Amino acid sequence: MKDACRISAQALRVAGEAVKPGVSTLEIDTIVRSFIEKQGALPSFLGYGGYPAGTCISVNNVVIHGIPSKEQILKEGDIVSVDVGAYYKGYHGDNAFTFPCGKISAEAQALLNATQESLYEGINQAVAFNRVGDIGSAVQRYVEARSYSVVRDYVGHGVGANLHEDPSVPNFGTPGRGVRLLPGMTIAIEPMVNEGTHHVRVMSDKWTVKTLDGKLSAHFEHTIAITPDGPRIMTLCD
């Protein structure tokens with residue numbers, strides 16, 4: 001699983017290097033898919049539940065599950081969430097990062113910073129014998145203290161032999177509540193944070209999820225192992 005996570009992390013880095021004005025989201029998907037396959041792995045998302053691409057690329061007010069398209073051309077100032085997983089020797093890695101496309105506004109950068117920082121607030125609570133509510137509560141408190149909102153309709157999850165496993169790992173909750181975290185568990189923590197309301201809507205393609213009010217959304221994710229010595233971030237390149 002460590003190898004699957006490393007490949008996922010490297011694929012995400014490759015995606016970030018491709019995020020530039022004038023590039024289509026389909027071009028990025030093609031680059032990432034090729035990279036994963038060259039490592040002897042498979043894109044975790046391709047065909048999952050009928051999903052048609054190897055990555056989810058969500059731009060600006062798209063929260064998650066944006067389908068790559070040759071028609072969607074990135075432009076200066078966009079924020080671009082790339083969610084990617086790799087399946088290698090029976091196990092999955094899963095991670096996401098929201099990249100700035102060129103120079104972005106101060107408001108967009110603040111959202112990215114808060115969302116990424118909230119991920120680490122959650123990771124800090126991914127301690128053996130804590131509960132999933134400790135993770136969600138830490139993320140929620142951090143985000144809402146900065147006047148943003150956390151998406152309720154989609155959550156983190158267990159990950160391993162299957163891309164999505166129990167337990168669910170919400171980005172909101174009550175400390176001391178929920179499933180207990182035990183050494184050996186592997187989970188994906190993934191704050192999805194909106195500039196405005198937490199309410200979202202699913203588009204007619206049945207995949208793309210947008211903010212209800214059209215404001216920006218950011219998404220960061222790591223796969224974490226629960227160990228006796230604290231949380232271990234599995235989706236790191238080196």
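These exercises work through the helix packing, sheets and overall dimensions of one predicted model.

Residues are numbered from 1 along each chain as its sequence is written. In this predicted model local features need pLDDT of at least 70, side-chain atom pairs count only at pLDDT 80 or more, and totals for chains, interfaces and linings use all residues, while side-chain values use heavy atoms, with hydrogens and water left out.

**Exercise 1.** State how many helices and strands the protein chain has, and how its radius of gyration relates to the globule rule.

*Solution.* Step 1: the protein chain has 4 helices and 15 strands. Helices (H or I, at least four residues) and strands (E, at least two) are DSSP runs, numbered from the N terminus. Step 2: the radius of gyration is 16 Å, close to the 18 Å given by the globule rule for 238 residues, so the chain is as compact as a globular protein of that length. The radius is taken over C-alpha atoms, and the rule is 2.2 Å times the number of residues to the power 0.38. Step 3: the C-alpha trace spans about 45 × 45 × 35 Å along its principal axes.

**Exercise 2.** Describe the packing of α3 and α4.

*Solution.* Step 1: α3 (residues 106-124) and α4 (residues 132-144) pack at an angle of about 150°, and their axes are 8 Å apart. Axes are lines fitted to C-alpha atoms, for helices over the stretch in contact; angles run from 0 to 180 degrees between N-to-C directions. Step 2: the two helices are therefore roughly antiparallel (angles under 35 degrees count as roughly parallel, over 145 as roughly antiparallel, 65 to 115 as roughly perpendicular and the rest as oblique). Step 3: α3 contributes A114, E117, S118, E121 and G122 to the contact, and α4 contributes I135, A138, V139, Y142 and V143. Contact means heavy atoms within 4.5 Å.
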